[in-house]
Structures are given as structure tokens and as C-alpha cells.
Amino acid sequence: MVKHTERAVPDSTQVKTQYANRSQAVVDLGLEHYVMRLEVDGLCVVPPEVHGVPISIFDDMVNFLLAKAEQLVGCKFSLDKGPHAEVAFQSSQSRSGLAEDPSKITQFLIQQLCGEHRMFRDLAINATAIALMRHLIGSKVMRFSSNNSFIKWQGDFGYGPSLGLHADQSALPLPWGRTALTANTNWCLTDYTLDGGAFAFVPGSHRFACRPEFPRAVEQAVPVEAPKGSLIVFHGATWHGAYPRKIPGMRISIANYYRHMMVNSQEEYRNSFDRALAQDCEDPELFRALSGFKDEFPYATQSQPIPKVVERAALPER
Ligand SMILES: O=C(O)CCC(=O)C(=O)O
Ligand SMILES: [Fe+2]
């Protein structure tokens, strides 16, 4: 059961107009309800029976990510215990938005997942996720930005009293319009509960069209409690963060983040991503398009044609 307050749809022409603009993919996949929630709340939660990814795939992803975490950090990780040893960041590595004191940080990211295994590439092009991202950003102009896993374990601090509330498109200048410049999907690989470090968001905050304002962001934030396998989808202007994980064990997610093609990508695909891996997925053509392999920008050599002097036979002298 997904728990966060779903408010009534405002009877505004704006919502109706955009709702009427739903794409054929939204209609074919039966996603109208989720489009409506995105319009109203700036976020929706899609259950496994709608997005169609079998739960066994999430088990495979968890096992892969626990093994990868062990390889990167140097100690075993398990879902009920988290890291089996004390782990710490170097102070020079601490990141903005996280604790000043690196010993309080109880999470890290595993990045560039699409290069790791086909199951992550197939997740990045899941038809439901893509239809909702295209609804928010625009169909032909939507591209990958990054594919990361959030690996979290018990820690009272989490993101601290601000809950790390932010809008993903915050680096882009104001004013923001209604079209998302970036948009995000968070796949819950473990159950999301308030004490377990659930996602936090402010319903309707994408319509404020500004960066989070404090303290009202924290006061208005609600947890997204959702079972393993759920897909959280949100607009780049939606204020969000996460609650600290107060109970033992781990919270694992995959953030597949997308962008408008004129917004810079977090991860570099065009020059770095292995073309053979891009072929090895459910829809290579879609994967190539979202990676921007053939995009016109940025160009590294003269890309526009140059006129040349036309050689004519010499004109007779007068
Ligand atoms: O779950 C979290 O810790 C926050 C996720 C987030 O901010 C994101 O995916 O953009
Ligand atoms: Fe975010």
C-alpha cells in the first residue's frame, strides 16, 4: 500500500489541459491516473503490477549491488545489517547536502549502472518510466542524465534537520515553467517506511516553480511509504529529500534521472558509453536515442556546411 496523502485534483483548466495532452504511450499503458498525480502532486508512485518489472529482477539487482558495495567499500554488506564493519569517508570527500562530520554519513552512491549489467539498462528504458518522463519533459527531447543506486544504512542523522530537501533542477535559472527540465525515477529495491528512511517530498511543490524555502519545506514534507518494487516518479521542480533510517538494515534504490536535451547530463554517455552494451538491451534503438549518441550538440568539429567558391570558365574580356 502506498501511503502519502493524495489530494483532490484542483478543478483548474491548467491541469485539464495538460491531462488532455497525454501521449499515446500514456493511454496504451493505462497511465492516466499517474499523469494526473504528477500534475497535482509533482510525484506519483507506480506499483509493480503497472510497470511490469518482476520482483525477482529487484532481488537480482539487490544481490548485484550488495556485492558491488562490498567490492567498492571493502567489507560485506547485508540487507539486515548494512556494512559489516565501521566505514567512513575521508573528510575531503564529504559532499554538499550531507553532514559536515563525515562520520555521520551513512550512505553512498554506486554510479554508472548501465555499464554494469543489462538488467540496469532494461530498467532505464522501462516503458512506463519512459512514458512518464516523456510526459514531463517532452517526447523527442528527453535524454538520460544518470543511473545511480542510493545505498543507505542505519544512522540518526540522514540528511540532517533539512531532510536534504531540494529540487533536482535547482541549478537551472528561474523562472521555471510547467515543463520539467529534468525529471526523476526512484525504484524502491527495498520497502520504503518512515523509520526505514523513506523518500520525503512536498506535495504540489513543483507548482511553486522555485527552489525549496525553509522552514516551510520541512514542515510540509510527507514520507512516501511504498513496498519494494514501487516506482517513484517526480518532476525536477518537486521539493524532495529523505528521512533518516532509524532502524537496522539497508534502504536501496535506483535513481534513473532524465533531462531535457538542452540541459547538461550528469553522466557522460555519448563519448564514453560502450556501443556494444547499448545494443544489448530490450530496445537498442531507444537506448541509443536516450544516450544522445547521434545528437547534434555538443559538436567537436565544424558541423554546419560551408559554401565554396564556384569555379566558372573565365569570362571573355570586354
Ligand atoms: O532517496 C534519497 O536519498 C534522495 C533521492 C534523490 O534526491 C534523487 O534521486 O534525486
Ligand atoms: Fe534529488
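These are my notebook entries on a predicted model.

**Ground rules.** I count residues from 1 along each chain as written, with chains lettered from A and ligands numbered from 1 in written order. Local features need pLDDT of at least 70 and side-chain atom pairs pLDDT 80 or more, while totals for chains, interfaces and linings use all residues.

**Overall fold.** I looked up the secondary structure and found 10 helices and 11 strands. These are DSSP runs numbered from the N terminus: helices are H or I with at least four residues, strands E with at least two. Of the 318 residues, 38% are buried (20 or more other C-beta atoms within 10 Å of a residue's own; exposed is 12 or fewer, partly exposed in between; C-beta atoms are placed from the backbone).

**Ligand 1.** I listed the residues around ligand 1: Phe150, Asp168, Asn184, Asn186, Phe199, His240, Ala242, Ser253 and Ala255. Strands E6 (182-188), E10 (240-242) and E11 (250-260) each give two or more of them.

**Core.** I then checked the largest nonpolar core, which has 73 residues (buried Ala, Val, Leu, Ile, Met, Phe, Trp, Tyr and Cys joined through C-beta atoms within 7 Å). Helix H7 (residues 127-137) gives the most to this core, 7 residues. Ala200 is among the residues with the most contacts inside the core. Leaving out residues up to four places away in sequence, Ala200 touches His240 and Ala242, among others (contact: C-beta atoms, placed from the backbone, within 7 Å).

**Arg207.** I found Arg207 in the loop between strand E7 (199-201) and helix H8 (216-220). Arg207 counts as partly exposed because it has 18 C-beta neighbours inside 10 Å. Its C-alpha atom is 8.0 Å from that of Thr238, 31 residues apart along the chain.

How values were computed
A residue is near a molecule or strand if its C-beta atom, placed from the backbone, lies within 6 Å of it. Two residues are in contact if their C-beta atoms, placed from the backbone, lie within 7 Å.
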